[in-house]
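This briefing is for a reader new to the structure. Please look at the sequence and the model first, then read the points below.

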Amino acid sequence: MSVRTHGRRGPHHRDTEGEVPPGLVPQSRGYIRHSRMRFKECMDCEYSLMFRNIRESPSTVDPQPFPFLAIYIMNHPVCAPAARPHHPKTPRREREREREREGGSDMAKEGAEMTEETEFMIDRNVGKETGNAESSGGGDAKEMRAVMLAGFGGLNKLRVTKKTMPELQEGEVKIRVKACGLNFLDLMVRQGTIDNPPKPPLVPGFECSGIVESVGENTTGFEIGDRVMAFVNYNAWAEVVCTPVDFVYKMPDEMTFAEAAAFSLNFVAAYMMLFEVANLREGMSVLVHSAGGGVGQAVAQLCSTVPNVAVFGVASCFKHAAIIRDSVTHLFDRNVDYMQEVKKISPEGVDIVLDCLCGENTGKGLTLLKPLGTYILYGASNMVTGETKSFFSFAKSWWQVEKVNPIKLYEENKVIAGFSLLNLLFKHGKSSLVKSVMDKLLCLYGQKKIKPVVDSLWALEEVKEAMQRIHDRGNIGKLILDVEKSPTPLVTTTCCVFLA
């Protein structure tokens, strides 16, 4: 591809046609350097990938790069036949002169055409994995629906698309997914606020339930048709997943697929924090934040299996009526000073603090601990305030965290710990420990002592609305993506005004 530049001279100015230098965006007036630009191979050509990168990070480039760059892409000999066959090699300036000779044209019309071309190119780039798979497989590769995260950012980065089914490997189980769990961690993945996130595009999701469709070589313990729930290292929000057999567990006959998707991550995390890390025993007290969420409800139910355990729950006021009162001893509004309320009831404090918020709540939790008490951090939802990643929220949360002094911990006989179930599974190789915990939990489920709380069911196409609900902290229990559910049609309301 060659371009001609005009206007002021600079270190990268050329008066003759030539290749675009790497890292530079072609403009009508010279080149503009773009530090994030990388020239790589893609489905069509390197310029279509460059165009996608600009769309994903428009704040770092010139405010008006899209029309000019779109023209260059449409005029490229590789992209032009499919993109704009009617004038594949007509430069922009010649088209402007032609319009002037014809009396001009409406700029709004040109902008609409450019917008249509832009959306066309984005759709082609987002679906490039599917296109490559089809071309390499000769059209025989089976497809499935999946929620694709095109890039880190807001809700507009999510969309349901067609994707090639994963290939079953040795030691894996292929599952026809019926339901997927949606967690606050998925929201942080979408924004890119977690450490070392995988490179998009990717399929989010870490847990699912469904039916075994096939098993790989040297895979024992499961047969085709078994009802199972599983942990997945991403890729769970799809119609079919493949995951190692060590992360798959059989479902009880009376458990629904929605309950299974709400069971695995929440109850395993709650159990391991209470019994493996904090060593919960009879007569102890527990303070849990977000008591109305999936993990909070699981913590309260598991505490009720131990005699004489007091549970102090912190949740939004509108959730109090829906939270199971038999499991939570004392409920406090998250917008009030819960420290003073806890001390009125238990002046010495509590034995265990489970914190998924971080920020200023870390210092409060450590202050409320009794001697030999344990503070466990298992999330950082205070870092998420807006739809996209906010450096201000991250810095504020970090600044509000009380700096831990090891000498002070030693003097006060307090324990501070962290817990991440997914890292324990996928990085630390503790699948056998998690398997033993799952067996204990399924036994408690069979005894009717615990039961997952499902907030609502959503279709894959409604993932944006579901994620907005969890962002607004409006859920009571677990949000589930039902793969077989059809999207709820939008209801149009008509307002009639009668004039006297």
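A residue is called buried when its relative accessible area is under 20%, exposed when over 50%, and partly exposed in between. The model is a predicted one. Its secondary structure comes to 16 helices and 17 strands.

**Overall figures**

- Of the 500 residues in the protein, 52% are buried.
- The protein exposes about 24,800 Å², and carbon and sulfur atoms supply 52% of that area.
- Among contacts with a separation of 6 or more, 65% are between residues 24 or more positions apart.

- Six strands form an open sheet in the order 12-11-10-13-14-15, with parallel pairing.
- Strand 12 (330–333) and strand 15 are the edge strands, each pairing on one side only.
- On average, and with direction ignored, neighbouring strands of this sheet are turned by 15° against each other.
- Strand 11 (residues 310–315) pairs with strand 12 in the parallel sense over four bridges.
- Val314 has Phe332 of strand 12 as its bridge partner.
- Helix 9 packs on the sheet and touches strand 10, strand 11 and strand 13. The direction of helix 9 makes about 165° with that of strand 10.
- Helix 11 also packs on the sheet, where it touches strand 10, strand 13, strand 14 and strand 15. The direction of helix 11 makes about 150° with that of strand 14.

**Helix 11 and its cover**

- Helix 11 spans residues 360–368, and its buried residues are Asn361, Thr362, Gly363, Gly365, Leu366 and Leu368.
- The cover over these buried residues includes strand 10 (285–289), strand 13 (350–355), strand 14 (369–377) and strand 15 (415–418). Helix 10 (338–345) is also part of that cover.

**Helix 7 against helix 16**

- How do the axes of helix 7 (residues 184–191) and helix 16 (residues 463–471) cross? They come within 10 Å and cross at roughly 110°, so the two helices are roughly perpendicular to each other.
- Helix 7 brings Phe184, Asp186, Leu187 and Arg190 to the contact, and helix 16 brings Met467, Ile470 and His471.
- By class, four residues of this contact are nonpolar, one is polar and two are charged.

**Ser431**

- Is Ser431 buried or exposed? Its relative accessibility is 15%, so Ser431 counts as buried.
- Ser431 lies in helix 15 (residues 431–446).
- With neighbours within four places in sequence left aside, Ser431 is in contact with Asp246, Phe247 and Leu425.

**Backbone exceptions**

- Most residues other than glycine have a negative phi, and most peptide bonds are trans.
- Ser290 is not a glycine, yet has a positive phi of about 50°. Ser290 lies in the loop between strand 10 and helix 9 (294–303), and its relative accessible area of 31% makes it partly exposed.
- Asn413, also a residue other than glycine, has a positive phi near 55°. The residue is found in the loop between helix 13 (406–412) and strand 15. Because its relative accessibility is 43%, Asn413 counts as partly exposed.
- Which two residues does a cis peptide bond join? The bond joins Pro200 and Pro201, with omega about 5°.
- Pro201 is placed in the loop between helix 7 and strand 6 (207–215).

Definitions and conventions. Residues are numbered from 1 along each chain as its sequence is written. This is a predicted model: local features need pLDDT of at least 70, side-chain atom pairs count only at pLDDT 80 or more; totals for chains, interfaces and linings use all residues. Side-chain values use heavy atoms; hydrogens and water are left out. Buried means under 20% relative accessible area, exposed over 50%, partly exposed in between (1.4 Å probe, protein chains only). Contact means heavy atoms within 4.5 Å. Axes are lines fitted to C-alpha atoms, for helices over the stretch in contact, and angles run from 0 to 180 degrees between N-to-C directions. Angles under 35 degrees count as roughly parallel, over 145 as roughly antiparallel, 65 to 115 as roughly perpendicular and the rest as oblique. Ala, Val, Leu, Ile, Met, Phe, Trp, Tyr, Cys and Pro count as nonpolar, Asp, Glu, Lys and Arg as charged, and the others, Gly among them, as polar. Accessible areas come from the Shrake-Rupley method with a 1.4 Å probe; for residues, only the protein chains shown count as cover. Two strands pair if DSSP finds at least two bridges between them.
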